[in-house]
Amino acid sequence: MAQFMFENDVHSLLKLDMPITNAPMARWQRKASASGSASANTSALSPGKSGNRSLSISKTPSKTPGKSGKSQCTPSKAGGDRFIPCRNGKQMDVASFLLAKENEPVDPIPTNDKQKAWSVALNGYDVEEAKILHLGGKPLNAPEGYQNNLKVLYSQVHTPVSTKKSRYISTVPDRILDAPDLRNDFYLNQMDWSSQNLLAVALYNSVYLWNAYQGDITLLATMEREEDYVCSVSWIKEGNFLAIGTSDNKVQLWDVESQKRLRNMSSHSARVCSLSWNSHILSSGSRSGLIHHHDVRVAEHHIGTLLGHSQEVCGLKWSPDGKHLASGGNDNLVNVWAGLQTSFRHKFSDHQGAVKALAWCPWQPNILASGGGTSDRHIRMWNVNTGSCISALDTMSQISSLVFAPNYKELVSGHGYMHNNMVIWKYPAMTQVAELLGHDGRILNLALSPDGNAIASIAADETVRLWNCFEMDPIKKKSKERSGKSPGGIHQGIR
């Protein structure tokens, strides 16, 4: 109650247009009353010191000694006087505005809105909605051939994430093809997939073609002598010619459309177990350790010989840009040759086993992947521009084939002893994405479909299995399997 009365007194004091009723007595009133009381006391009291002393006490000096000023007033010790400061026009206007605003009803502002208003006024934006760090703009393109020393590859293009929930990888093959009489030889390359979607498979002394569009099977070639066998097959980039390496030291060239042999080129002294095309140049690797270059357009086809291996050349791959040729041999070496030059650019001797598995990265032509045999079991990444080993991964199993899958920027490895499986690795982190099981024998070769959606594996269990692991629309693939059509139930013989 006392506080309420005090507030009322304060409000009444601020109303300057009304007379002040509760203020102390003014000075002139106090002097008038003092003079009246003094005259009364003079008549009532006898003259003496007491009367004069009371009168002198009641009087207050008008001015402070030693100082001068019109409005400087000194209140008495008894608190009877009030100090009134000078007020200018601006102070009066502010006081009037505050008094008028006090009487107006004001809606209370929520605390959150008030904080937001303060944040916008102080910072220029709402702190709650603003980001602590905001990076704008696109990253710059890395220079061609750039390789980060911290083993982080720079790329401006967003890479599809392999491990996100929408990615579905079937662990069973979409189709199984019987491959009877397949030769179980680690050093041979008996399967290749053409740009026209024809899968060529070498079964002992014959070569069969499987049409992936229609499912038809065609017998293309058979060796003249029963004791001879096919060691390697390789398609030209256009897909209309097939090269065949044989055990009788020959390299045959076949026209697939007319099913006729165009050439039978002889230059090697041992079986030809590896082949690779670079435009019209066909390179072949032999058990003798030699690599021959053949120009298939001219009669004198043998145009060059490469000396770099002491044992069988079981791996041979041209880079996508045609600038480098990689060769792997049973002598545990990986050689990188610059074009058709007879001197190699790099010689890598880090592997401790035979190197048959070789693969060039399609989106980084300077990156080469190589895989070692049973005594090595490592996948190694090489930068051929610098000659350095980027990474090495122990797979704990023999590596027979490597293939890059560009749809999701991954690497697929085929293994023999002791797991007999396929593994999909995320590149360049080399983290395992999926493991594909199904073969009862060691995997000998891998081949990627022309659209990059499927991969074929051929193994010592005499089967060819087709896996649709890299489809860009995996949801459609999953719904197809749920409809009741089992991809593993499609079983067909190549011949």
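Strand 26 is largely enclosed by the rest of the structure, because six of its six residues are buried (buried means under 20% relative accessible area with a 1.4 Å probe, protein chains only). Strands here are DSSP runs of E with at least two residues, helices are runs of H or I with at least four, and both are numbered from the N terminus. This is a predicted model, so to speak for local features pLDDT has to be at least 70, side-chain atom pairs count only at pLDDT 80 or more, and totals for chains, interfaces and linings use all residues. Residues are numbered from 1 along each chain as its sequence is written, and side-chain values use heavy atoms, with hydrogens and water left out.

What does strand 26 pair with? Its partner is strand 27 (residues 455-459), in the antiparallel sense and over five bridges; strands pair if DSSP finds at least two bridges between them. I443 has A459 in strand 27 as its bridge partner. The two strands make a hairpin with six residues between them, and G452 in the turn has a positive phi of about 80 degrees.

Now to an open sheet of four strands, which run in the order 2-3-4-5 with antiparallel pairing. Strand 2 (191-193) and strand 5 (217-222) sit at the edges, each pairing on one side only. Neighbouring strands of this sheet are turned by 20 degrees against each other on average, direction ignored (axes are lines fitted to C-alpha atoms, and angles run from 0 to 180 degrees between N-to-C directions).

Inside the sheet, strand 3 (residues 198-203) and strand 4 (residues 206-211) share six bridges in the antiparallel sense. L199 stands opposite W210 in strand 4.

## The largest pocket

The largest pocket has a volume of about 1,400 Å³. A pocket here is an open set of points on a 1 Å grid over the protein atoms alone, where a 1.4 Å probe fits, with protein on both sides within 12 Å along at least five of seven lines; lining residues have an atom within 4 Å of a point. The volume is the space filled by probe spheres set on the points. Of the 45 lining residues, D192, W193, W235, K317 and W318 are the closest to the pocket's centre. Elements giving two or more residues to the lining include strand 2, strand 14 (313-318) and strand 26 (443-448).

## The whole chain

The protein chain has six helices and 29 strands. Of its 495 residues, 41% count as buried.

Terms used
Buried means under 20% relative accessible area, exposed over 50%, partly exposed in between (1.4 Å probe, protein chains only).
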